[in-house]
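Student: I would like to go through this structure by question and answer. Can we start once it is on the screen?

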Amino acid sequence: MATSARRDACPAIKNLLLLDSEGRRVAVKYYTDEWPTNAAKLAFERSIFAKTLKTNARTEAEIVMFENNVVLYKFIQDLHLFVTGGDNENELALASVLQGFSEAVTLLLRGNVDQREALENLDMMFLCLDEIVDAGMILETDGSLIAGKVATHSIDDGAPLSEQYLVRPL
Amino acid sequence: MAQYVKKDDDRDEEAEYSPFSGIEKGAVLQEARVFNDPQLDSRRCSQVITKLLYLLNQGDSFTKTEATEVFFSVTKLFQARDIGLRRMVYLIIKELSPSADEVIIVTSSLMKDMNSKTDVYRANAIRVLCRITDGTLLTQIERYLKQAIVDKNPVVASAALVSGIHLLQTNPEIVKRWSNEIQEAVQSRSALVQFHALALLQQIRQNDRLAVSKLVTSLTKGTVRSPLAQCLLIRYTSQVIRESNNSQTGDRPFYDYLEGCLRHKAEMVIFEAARAITELSGVTSRELTPAITVLQLFLSSSKPVLRFAAVRTLNKVAMTHPMAVTTCNIDMESLISDQNRSIATLAITTLLKTGNESGVDRLMKQITNFMSDIADEFKIVVVDAIRSLCLKFPLKFRTLMGFLSNILREEGGFEYKKAIVDSIVTIIRDIPDAKESGLLHLCEFIEDCEFTYLSTQILHFLGIEGPKTSDPSKFIRYIYNRVPLENPTVRASAVSTLAKFGATVDSLKPRIFILLRRCLYDNDDEVRDRATLYLNTIGGDGSVVETDKEVKEFLFGSFDLPLANLETSLKNYEPSEEPFSIRSVSREVKSQPFAEKKAAAKKPSGLGAPPAGPTSTVDSCEKLLLSIPEFSTFGHLFKSSAPVELTEAETEYAVNVVKHIFDKHIVFQYNCTNTIPEQLLEDVTIVVDASEAEEFEELVTKPLKSLPYDTPGQTFVAFEKPEGVSAVGKFSNVLRFIVKEVDPSTGEAEEEGVEDEYQLEEFEVVSADYMLKVGVSNFRNAWENLGEGFERVDEYGLGPRDSLKEAVSAVINLLGMQPCEGTEVVAANSRSHTCLLSGVYIGNVKVLVRLSFGVDSAKEVAMKLAVRSEDESVSDAIHELVAN
């Protein structure tokens, strides 16, 4: 379902990665067939992690060209966030996706942004990825809106009272 | 998963705690049984789904049965009313990508959710349903989707629109019916809805130029607020500009809109507009200036992304408009020390492109400091840029060659070293003055080179270029030094190189013989064999005589047999009285000629390139053609044209033709592809009507036995024509064949076939077909060498033309010659232009052309044509070409 990669088409996201401080997966999502197997995906993650490890991407998002793709990345504590797009993509459009991604993760983990907290709330991380990009198409870039959509944990109107509880215990 | 299990062993327990330690697929699948409990525990179910998703995300996969089982139990969870759990259900359904019969089970639940009062349900149910549906369902839910597009909740509207974008690939006719709703959504107050609606609307209309143009016209007046949507609009606008194709008449449409976007408040939009302006075709410097100005501001931004985007775009602009970028040079220079090495490298290479001759030395000093702390991949980019710089400013070769030889001595991997060596080789080839020093740098490098490949390539290159220098003897020491010090491969190369010196430079012969004799005692077979061969052929009896041309051809000529064929023949040869004869080896190239041609057409550069250059494509065609018995007597193939399409794209049969020109013959190679799976074509021939090509006489037709679906095949038609004359004419073609039905399920063809014909387009043989594009590196030298003997000069009026550029390219195409020294590029708005062309005319006659164009205020173009060639009649023929 990859959307056309033509320049005059839409900005397309190739993958979103949330890796830990050792380069292991916390949550990842790929939207193209460019990395067909799990091994290819892992290889991509390993090399992009190694390539960016020594850079300082804490205050501002950083950027690198990698295998004909543009990869934007940002580190928060021990979490490494990556957004990959084609090499003709508007870098700043990709940056807005990364910005939304990192803001949403920060909000969802309530400021305790580290790999343990992310794993503890992995369901929210998956939902977060799902709300940012849909099959390569940018769905939302506003961090607080993304987090808001993920964190609706109430009970729907039609539910019987017995099933209702207000805040989901973590 | 495994990584989490493993890390428990070797790491601090507490720091590495993970809620998923030791998680196992089997156990989780067991746990998934809670989905079937009559009394659902939402929280527990959520956790189990998270675990399942975790496994999938780590790369675990479920078998078909496992996936089906999970899917069925998950569908039970639609009973639960917990929004969080429902979200997880949606996620896992998407991840499991159920099959069509499974989809039916969740369809009703999802359709219920699509009409729910809860917006989160509506939005997600739409996304899930559109993702998993196979289209049959779509007509049922179409009504809801249309409503959703104009829903007041932006999340729901976006979900429907994005799903529409995906569905457009599979069910375009349905999505196209939503245009009214989508158009309404473009006016939405929500930024993202606007973006999604615009994207979908353009994709629906993308094949309708007029509609896209209307869309752009109405929207550029200013209702789009979302930055992302604005970026899209800029892209569509530049597409419209590209297609509107207006020439120099007045202002470019929509340029004002693009320029206005440069003042937008979102950087994303400013950048998109700036980039769009730089990519306009035939952009003028007045148009470029505002874009360059905003990009220049970005260069000093605190955000790396912005600096990167700007410098990358400027780097591209520098290729076509170096002067426009020079204003940014000071900012660029400060980027050389940028923390982000990608930015630094882009800045350096941009500077190398825009720099002027006087600044080269200073720039090189800065780069020297920079090179030590970047990775090899960046260094390669810099080396390539330096090579281009050196070819641009040949007078600076000393500085640049010095730089290259310095970095050649430093640490580096194979690819990097190869890039440096390739650059030095290119410079040596193109700048005669640089030859001696360049070769000596290479000699020093092989003294201490760890890469066998590079050593052997350099030795080979020395063998070709070394003997042509003023003092070949000084290279001998470097070459012979390899023999006692290196591995057998390099030693064997060194022996060959020595022999080449010996064969070409008579005065060196006695010394070479002594050295070669020493190699006879080498402990490697190949080295000894080569030494023996060379000693015996070049004149091992010690006498110094000029080496025979034949011997040279035998030793150092090119080998024109396919190696694979030789290998098979040698394997099949059984020892007998009769010696193995190389003549028995088939010359037929077995591999797909297409693939090979492609490979050969890819121009090699640097060391790998054969010094003769442009004949490689012809070589492979020639082999192919001569392997066909009917054509084997035609002699040397002069030129093969690029394929000319004879059918429209996407028709039943795709046919193109390649024109092969021989001295007295011409062969048309028709490449046919059958695009109908249900058909098999047999006895495929082309019936050619040459009534409009009087000088040609049809000789032989070689039909294609069978043409199955999607497997390209070739059929040939050969014509005779007067020798050495550039006969021209028009040929019309009909494809004739026997068609047989094929059962698509079994792939078997029916016995009986029907004869059928298919009309193809006609094509022409033109004079340019008789001209080989062969460039010369130094036009002035070549021009003077040819002398005035057969020079013909005349003036022509070309009549009114759209532009000078158009006139120049028309003449280049007419002559089919290679433009030299970049003179095919006409500066915008110039009133006159000189263009230098070179080529080889049929009969192997070298031709050089100097064209001077002038244009007056009425756009009347006049041209002075000066031709020099090795043959008077050819010079005249060129003039005749133009005169007609």
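Student: What percentage of the residues in chain A is buried?
Tutor: The model is predicted, and its values are computed from the atoms. A residue counts as buried when its relative accessible area is under 20%. Chain A has 170 residues, and the buried share of them is 61%.

Student: In which order do helices and strands follow each other along chain A?
Tutor: Chain A has five helices and seven strands. Read along the sequence, they give the pattern β-β-α-β-β-β-α-α-α-β-β-α.

Student: Is H80(A) buried or exposed?
Tutor: H80(A) belongs to strand 5 of chain A, which covers residues 79-86. Beyond its neighbours within four places in sequence, H80(A) is in contact with residues including L17(A), D20(A), F49(A) and F75(A). The cut-off for a buried residue is under 20%. The relative accessible area of H80(A) is 4%, so H80(A) is buried.

Student: Which residue of chain A meets R116(A) in a salt bridge?
Tutor: Side chains of opposite charge can pair when their charged atoms come close. The N to O distance is 3.9 Å, and the cut-off for a salt bridge is 4 Å. The partner is E120(A).

Student: How exposed are E120(A) and R116(A)?
Tutor: R116(A) has a relative accessibility of 38%, so R116(A) counts as partly exposed. E120(A) is at 40%, so E120(A) also counts as partly exposed.

Student: What is the distance between the closest N and O atoms of K149(A) and E131(A)?
Tutor: K149(A) is in helix 5 of chain A, and E131(A) is in helix 4 of chain A, 18 residues apart. Both residues are buried. They form a salt bridge, and the distance between their closest N and O atoms is 3.3 Å.

Student: Which residue of chain B forms a salt bridge with E131(A)?
Tutor: E131(A) belongs to a network of salt bridges that share partners, whose members include D130(A), D134(A), R87(B) and K94(B). In the bridge from E131(A) to chain B, the closest N and O atoms are 3.7 Å apart. The partner is R127(B).

Student: How many salt bridges are there between chain B and chain A?
Tutor: Over all chains, the count of salt bridges comes to 52. Between chain B and chain A, the count is 10.

Student: How do the residues on the side of chain B that touches chain A divide into nonpolar, polar and charged?
Tutor: In total, 72 residues of chain B are in contact with 68 residues of chain A. The buried area between the chains is about 6,100 Å², with 52% from carbon and sulfur atoms. The residues on the chain B side divide into 30 nonpolar, 20 polar and 22 charged.

Student: Why do the buried residues of helix 8 of chain B lie on the same side of the helix?
Tutor: Helix 8 of chain B covers residues 138-149, and its buried residues are L138(B), I141(B), E142(B), L145(B), A148(B) and I149(B). They are on the same side because around the axis they cover an arc of only 140 degrees.

Student: Which helices of chain B do the buried residues of helix 8 pack against?
Tutor: The contacts of these residues stay within chain B in this list. The partners are helix 6, helix 7, helix 9, helix 10 and helix 11.

Student: Which residue joins D151(B) in a polar contact of 2.6 Å between side chains?
Tutor: D151(B) is in the loop between helix 8 and helix 9 of chain B. Not counting residues up to four places away in sequence, D151(B) touches V156(B), A157(B) and R122(B). The side chain in the polar contact belongs to R122(B).

Student: How many residues apart in sequence are the parts tied together by E243(B) and R209(B)?
Tutor: E243(B) and R209(B) form a salt bridge, with their closest N and O atoms 3.8 Å apart. E243(B) lies in helix 14 of chain B and R209(B) in helix 13 of chain B, so the pair ties together parts whose separation in residues is 34.

Definitions and conventions: Residues are numbered from 1 along each chain as its sequence is written. Chains are lettered from A and ligands numbered from 1 in the order in which they are written. This is a predicted model: local features need pLDDT of at least 70, side-chain atom pairs count only at pLDDT 80 or more; totals for chains, interfaces and linings use all residues. Side-chain values use heavy atoms; hydrogens and water are left out. Contact means heavy atoms within 4.5 Å. Buried area is the accessible area (1.4 Å probe) that two parts lose on being put together, summed over both. A salt bridge is a side-chain nitrogen of Lys or Arg within 4 Å of a carboxyl oxygen of Asp or Glu. Ala, Val, Leu, Ile, Met, Phe, Trp, Tyr, Cys and Pro count as nonpolar, Asp, Glu, Lys and Arg as charged, and the others, Gly among them, as polar. Buried means under 20% relative accessible area, exposed over 50%, partly exposed in between (1.4 Å probe, protein chains only). Helices (H or I, at least four residues) and strands (E, at least two) are DSSP runs, numbered from the N terminus. The arc is that of the directions from the helix axis to the C-beta atoms. A polar contact is a pair of N or O atoms within 3.5 Å; within protein, one must be able to donate a hydrogen and the other to accept it, and residues adjacent in sequence count only if both atoms are side-chain atoms.
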